Amino acid sequence: MRIAFTKCHGSGNDFPLIDARALQLPDASWAGVARALADRTGPVGGDGLLLLTKGDESHAFGMRMFNADGSEAETCLNGLRCVARAGFAALGGTTARVKLKTSSATVAIDPDLAPGVVTIRETAGPADPDVSHWPLAGATLLVDARVPNLPSERLFTAISIPNPHLISFVALVDDAELSAIGAVCEAAPAWLPNRANVSFVEVRDGDLFVRTFERGVGLTDSCGSAMAASTYAACLTGRVKFAKPLTVFNAGGMVRAEAGEDAMVTLSGNATFEWDGSAEVDPLRGLAGDLVIDRWHNDEIAAWAGVIERLTDTAHFA
């Protein structure tokens, strides 16, 4: 089948985005489409697949997100901004309540981070520290504590938003160590059957730098829910004050962030469209081919490149 989509990214977290409001495919087929289009060795590539879906009586529209391995995530906050932009373009309006897999979020068009950078504000939560909901065996609450059964001496804070996250505040991010810990969680051991995202976080003069091994993806340049969970965890552990605006940096860029004592977290960041196109997709085999690009959004690509260029001149980035 030929499927049309937009290649987009939020803070470097890149996805093919499909307007699926009129498409009826079983979940197994959507998982195959995700594996096909997100495959980095294929013609498109991405950290996963985003779907703009129909709303209901209390939501203007919905979002589904499938990881690159075909598993479905509870949410994806970098992706949500891109879906929100597509939803506003399709339906009009500048604010909306969005239906996610297991929760809801509010979104709104925000002032641009930089000239030409379309920016969306999103509020999600409440962040939940009860790991029995994951489940994670041997614990109910983890705040700067060892994770039972995890072969690491690191102290973690566990937060779901609603994706499950293990967050360790470190002096310096070590990608090899992070990947090793992430791989343990990715294997879905008996004590963590639904897996978890793992992040190392540096506190840099009141701002944060977050590096994440994402469930179903691996080491990624950016993970929106990890940035949200890390912001709340920094406040929960007293490293940052609640209701204090800050910047969260990652290898793909940055977002503005703020966590409230009510456990709601707001992120504001880019929703950049790079190109529109279509590809032939075989969901059964998880393969894509015959890519056709209809339109490049070169002005948006250049605007975001300017943001990254300016960030590289700061001490808090990368």
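Figure 1. At 2% relative accessibility, A259 counts as buried, where buried means under 20% relative accessible area, exposed over 50% and partly exposed in between, using a 1.4 Å probe and protein chains only. This is a predicted model, in which local features need pLDDT of at least 70 and side-chain atom pairs count only at pLDDT 80 or more, while totals for chains, interfaces and linings use all residues. Residues are numbered from 1 along each chain as its sequence is written, and side-chain values use heavy atoms, with hydrogens and water left out. You will find A259 in strand β15; helices (H or I, at least four residues) and strands (E, at least two) are DSSP runs, numbered from the N terminus. Which residues does A259 touch, not counting those up to four places away in sequence? They are T231, Y232, C235, F242, A243, M264 and V265, with contact meaning heavy atoms within 4.5 Å. F66 is 193 residues apart from A259 along the chain, and their C-alpha atoms are separated by 26 Å.

**Figure 2. Strand β14 and its partners.** Let us look at the strand that pairs with β15. Two strands pair if DSSP finds at least two bridges between them. Strand β12 (residues 207-214) runs parallel to β14, joined by 2 bridges, and L208 stands opposite V248. With strand β15 (residues 253-259), β14 pairs in the antiparallel sense over 5 bridges. One of the partners to find is R256 in β15, which is bridged to T247. How many residues lie between β14 and β15 in their hairpin? There are 2 residues between them.

**Figure 3. The nonpolar cores.** A nonpolar core is a set of buried Ala, Val, Leu, Ile, Met, Phe, Trp, Tyr and Cys residues joined through side-chain atoms within 4.5 Å. The largest one here has 52 residues, and F61 and V107 have the most contacts inside it. Helix α4 (residues 224-236) gives the largest share of this core, with 8 residues. A second, separate core has 30 residues, including A114, F209, M254 and L311. Now zoom in on V107: leaving aside its neighbours within four places in sequence, V107 is in contact with F61, L80, A84, F88, T94, T95, A96, V98, I120, R121 and E122.

**Figure 4. R85, a buried arginine in helix α2.** Helix α2 spans residues 77-91 and holds R85. Is R85 buried or exposed? R85 counts as buried because its relative accessibility is 17%. Residues up to four places away in sequence aside, R85 touches V118, A271, T272, F273 and E300.

**Figure 5. A cavity inside the model.** Rolling a probe the size of a water molecule over the atoms shows where empty space is left. On a 1 Å grid over the protein atoms alone, a cavity is a set of points where a 1.4 Å probe fits but cannot get out, and lining residues have an atom within 4 Å of a point. Grid points are joined across faces, edges and corners, and a volume is the space filled by probe spheres set on the points. By this rule the model has 1 cavity of 30 Å³ or more, and the largest cavity holds about 30 Å³ of space. Its lining is made of N67, A73, T75, N163, N197, E214 and R215. By class, that lining has 1 nonpolar, 4 polar and 2 charged residues.

Figure 6. G125 and P126 are joined by a cis peptide bond with omega of about 5°, and P126 is in the loop between β8 (119-124) and β9 (157-160). Another cis peptide bond joins I161 and P162, with omega of about -10°; P162 is in the loop between β9 and β10 (164-169). Although A243 is not a glycine, its phi is positive, at about 65°. A243 lies in the loop between α4 and β14 and is partly exposed, with a relative accessible area of 46%. A263 also has a positive phi, near 75°, and is a residue other than glycine. The loop between β15 and β16 (265-270) holds A263, which is buried, with a relative accessible area of 7%.

Note on methods:
On a 1 Å grid over the protein atoms alone, a cavity is a set of points where a 1.4 Å probe fits but cannot get out, and a pocket is an open set with protein on both sides within 12 Å along at least five of seven lines; lining residues have an atom within 4 Å of a point. Ala, Val, Leu, Ile, Met, Phe, Trp, Tyr, Cys and Pro count as nonpolar, Asp, Glu, Lys and Arg as charged, and the others, Gly among them, as polar.
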